[in-house]
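Dear colleague,

Please find below the structure that I promised to hand over to you. My findings follow it, and I would be grateful if you would read them with the structure open.

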Amino acid sequence: MTFGEKLDFLMSITKTSNSALANSVMLDASYISRLRGGKRQRPKDHRMIQSMAAFLVRRIKEDYQKKALFDAVKPARLPDDLHLLSDEIAHWLVRNGEDRAEQVGRFLNHLSGMTGPAAAASSPEGWRHPFPDKPLTIYYGVEGKRQAAEHFLSEIAAQETPQTLLLFSDEGTAWMTENPAYARKWAALMARVLARGNRIRIIHTVSRDLDEMLSAISQWMPLYMNGQIEPYFYPKKRDGVFKRTLFIAPETAAVVSNSIGGQISVAANILHRDPTAVASYAEEFLQYLRLCRPLMRIFTAKDRDACYDTLTEFEGERADTLIMTESLSSLTMPEALMASIIGRAGVDPARHLSVHALRRAYFLENLQSGRFTEVLHLPDIETVRNGGVKVSMSDMLEGGAVFYEAKAYAAHLEQVVALLGSCENYRVVFTDRQKEDRYTVYAREELGVIVAKTSQPPVVLAMSEGNMIAAFWGFLKDLAGENAWTAADQAAAIGRIENYLQKLRAEI
């Protein structure tokens, strides 16, 4: 079904007229009619779709309406909470033959293919724009917003003393992304700003649909990999009617704009240079930031110790777990084998081994009450024999990636068999991969998710926002399957690994 067909279906079962829906979301009835008929594409602003969904679900009260909705949307269950139900319906309206697992998979493939952090262009020619000397300059519409952003960023990049930029916008991002030439220019300016030592605190808008949110993270990822950006989000619902942009360099300038609906096309974008005004907007941002939470923590190889601290904190609480690495989870690795691998890597073992001991203790403790499901791929014997299997997340070590020797890989698999035989809460589900996955996804239900890019250069993302957790949990759940785990499944998994080990031992 197209967006228009889905909207028409919802309006039909709720007996909603064009004018009633139009009035609820401040649109014209003729526009709603064209959406239903497929003559207009769905609104780009997801908050508009959420508002439509919220209005329509409040009109679903009869059993026949609920059954029709369930048959069309096909969720695991229809939430009783109206806010959750409207979110589910909004997602269904924009979904176009692609579910959340597919969206997450596309994001992960894009992430693993990234080759490095954003770098500033080598040639300085043409990057700097004359900065207005007036205390206040106004730019109008989309082109005005682009011009204001260019002036703002180029002036910051020219400053000798670095500062922390404060960025927030819940206005649409099309002004920045829809023109490829401008998108490249914006990215180059941002890279130059970071290259000058500036840092960024950014408040993302997570009320956008999952695909838009993952696209936004992908767009920012080359900049995130510089390790100089702190992303946050506001955890409560907002109506999305009044929209605001704040781009603030506390020591230099601020760009401020407001809009309602599609007003961005004519809205005023004001560039402030007066220090008192800039300080006022900085304080406004910081007041909002105090209501926000970290969207994710970002770790590169130089943040190794902080990454280890986050991992142990993440694993210290009880929760069901799903994990997929590019080889085997380090949590199932015996301490003696970890010591051998660390020693071969030529790094100081003390910190790594103490962290591994604590993580493994939490892992075994969690197995007493929580399920731990590992999505496992058994590589071909030749790859193992030639030392082509990477130790999970070893890219974060000082010396870079470490690969298993064949006997070490066999020893790790033997420990997996031992765990399967002794812990009913430890489960292994096999997947056949057509290509190498250069990422790890590690999700703990309703608690958090850690995504690691294991291609060079490595980067680890630790996320705690609810929609992100649900999306990545669903991605792994889709790989693991929904069937109940039985003793026969346990025996079959043990048998499959033992058969593999028998073939492996014959080759080494």
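**Strand S15 and its partners**

Strand S9 (residues 296-300) and S15 run antiparallel and are joined by 5 bridges. Please note that this is a predicted model. One of the pairings is that of Phe299, whose bridge partner in S15 is Val460.

S15 also pairs with strand S14 (residues 448-453), again in the antiparallel sense and over 5 bridges. Here Ile450 has Ala462 in S15 as its bridge partner. S14 and S15 form a hairpin, with 5 residues between them.

Is S15 buried or exposed? Of the 5 residues of S15 (residues 459-463), 5 are buried, so the strand is largely enclosed by the rest of the structure. In a regular strand, side chains alternate between the two faces of the sheet. In S15 both faces are covered: Val459, Leu461 and Met463 are buried on one side, and Val460 and Ala462 are buried on the other.

**Helices H13 and H15**

The axes of helix H13 (residues 304-315) and helix H15 (residues 349-366) come within 9 Å and cross at roughly 15°. Angles under 35 degrees count as roughly parallel, and H13 and H15 are therefore roughly parallel to each other. Their crossing is left-handed.

Residues of H13 that meet H15 include Arg304, Asp305, Tyr308 and Leu311. On the H15 side, the residues in this contact include Arg351, Val355, Leu358 and Tyr362. The residues of the contact divide into 5 nonpolar, 3 polar and 6 charged.

Yours sincerely

Key:
Residues numbered from 1 in each chain as written. Predicted model: local features only at pLDDT ≥ 70, side-chain atom pairs only at ≥ 80, totals over all residues. Heavy atoms only, no water. Axes fitted to C-alpha atoms, helices over the stretch in contact; angles between N-to-C directions. Helix = DSSP H or I, 4+ residues; strand = E, 2+ residues; numbered from the N terminus. Parallel < 35°, antiparallel > 145°, perpendicular 65-115°, else oblique. Left-handed = near helix turned anticlockwise from the far one by under 90°. Contact = heavy atoms within 4.5 Å. Nonpolar A, V, L, I, M, F, W, Y, C, P; charged D, E, K, R; others polar. Buried < 20%, exposed > 50% of the residue type's maximum accessible area, 1.4 Å probe, protein only. Pairing = 2+ DSSP bridges.
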